[in-house]
Amino acid sequence: MARAVTTNRKVINTAFAWGIGLLIFFPILWTILTSFKTEATAIADPPVFLFFDWTLENYQVVQERSNYARFLWNSVIIAGGSTVLGIIIAIPAAWSMAFVPSRRTKDILLWMLSTKMLPAVGVLYPIYLIFIELGLLDTRIGLVIVLMLINLPIIVWMLYTYFREIPGEILEASRMDGASLRDEILYVLTPMAVPGIASTLLLNFILAWNEAFWTLNLTAAKAAPLTAFIASYSSPEGLFYAKLSAASTMAIAPILILGWFSQKQLVRGLTFGAVK
Amino acid sequence: MATQHSRSAARLMMGPAVVLLLGWMLVPLLMTLYFSFKSYLPLRGGDLGWIGFDNYVRFVTSSAFWPSVSATLIIVGGVLLITVVLGVLLAILLDQPMWGQGIVRILVIAPFFVMPTVSALVWKNMFMDPVNGLFAHLWKFFGAQPVEWLSDASLFSIVLIVSWQWLPFATLILLTAIQSLDSEQLEAAEMDGAPPPKRFVFIILPHLGRAITIVVLIQTIFLLSIFAEIFVTTGGAFGSRTLTYLIFQRVLESQNVGLGSAGGVYAIILANIVALFLMRIVGKNLDA
């Protein structure tokens, strides 16, 4: 495994990789820096990078002027609610497919996956119409349901791959020791499944948080989450770079931090186990 | 291991998920099909009766159709090309021994976690704005005339923004694949005197073949339906109207539901063709 590498080469690799890494990260860094500038500094010519008077003013203004907390709360409810609901529905399904597989298990899994491929725009009007009829337009519960449904295939799929890694012998052993089905699920399987469930929760929370088709099309003022709130900055008046940056930083910071913990799950969750 | 009893319990446990997804798939799909054969204008008379395949014909013969197809192809193709080529190079680089590998990886992956509306707006205003954007400053610094990115080079700009968002995904998956490569094979080739380009072409690239296919298929499905990036940058103007965006405009902006639904059926068929290939690969992997 360990290939001998000259220090020289390692230095070159490091410099090169850091350079490219920082270049890719730069737009995010620039947004964060700009959020601490005054509007005048934000558009200074030439641009100032680090040496300016740092201010928290933009964060205050964004919060006061736009009721930011409500959009944030909507995002939390919608992303959290849809993920938790999806997991509650998916656990029994994934469980039974992993531990009591039948001839049709594979077909069902693939079919579930295929529902994820349905282009949203193809069913935009029906969903819109159903939402109007049921009074779900611009409500959080409506979005919780829709985002739960679009992420359900990924949730089932991820849980299935995690559950399948739990060795069946352990179940047999516990059964031989006289454990009931209830004991088996509660004391044997659940503790082993918790890491997998947590990973699934994390990745799908991120996906739901960033979802920007249904959240833009099915909300107006009341239930709009952060995706829609940020989109409202697309036709601004006056000076706004610093405020846009502050709003953006607040919208992405929690997810960036969560995302860093979920790199591994990302591969598993989005390639449906095809790349390990 | 499975008894008759546990079988029926299993079916019961799967029930809710299957029923919900079945409903989610079938109800809107059937409604879209239904509307696509009707002249249906909610704001101008409502349901005006059955018109057969008229919507399907009108959708593809409208003057907006072919430009939207080419915009879609350019965006999907451009982003795929950039993310796969750069993704392979970046994955190989990140696989090399270096200091601070974990941090570099975090920096590279970060864009994937930025919500689409934020990345589109940040690029639009802070980078591509012809007066105050960083690109404009850079161009002026070198004595060039700043470019009106989103109107004069709208497709290129959108490809750039979307590539930035999806490069982490390609890199991460390709890196995972590279790390599963048996390093003994590479060492053997190295000892036999194969130079790095040859090792890349004959060992690394074939090993990555499957991962690249998966990246291409999954990204294609997501890229075909990008929406927010266009919604907040150009609003479909300046030749950046994709098929998805065209359907959105027909359905919600001009409220021609019949016509938009016919377009939706085309989009569904297109996505299914791509999905079919993806499912075959995923399915094969399930057997293993």
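Tutor: UniProt positions are given here in the numbering of this model, with feature names shortened, and annotations may be inferred rather than shown by experiment. This is a predicted model, in which local features need pLDDT of at least 70, side-chain atom pairs count only at pLDDT 80 or more, and totals for chains, interfaces and linings use all residues. Residues are numbered from 1 along each chain as its sequence is written, while chains are lettered from A and ligands numbered from 1 in the order in which they are written.

Student: Which residues of chain B does the annotation "transmembrane region" cover?

Tutor: According to the unreviewed UniProt entry, residues 12–37, 71–94, 106–123, 155–178 and 260–282 of chain B.

Student: How far apart are the end C-alpha atoms of residues 71–94 of chain B?

Tutor: Helices (H or I, at least four residues) and strands (E, at least two) are DSSP runs, numbered from the N terminus. Residues 71–94 of chain B are 100% helix and 0% strand, with end C-alpha atoms 33 Å apart. For residues 260–282 of chain B the separation is 32 Å, again with 100% helix and 0% strand.

Student: Is B:L43 buried or exposed?

Tutor: A residue is buried if 20 or more other C-beta atoms, placed from the backbone, lie within 10 Å of its own, exposed if 12 or fewer, and partly exposed in between. B:L43 has 9 within 10 Å, so it is exposed. Its place is the loop between strand 1 (38–41) and strand 2 (46–50) of chain B.

Student: How many helices are there in chain A?

Tutor: Chain A has 13 helices and zero strands. Of its 276 residues, 46% count as buried.
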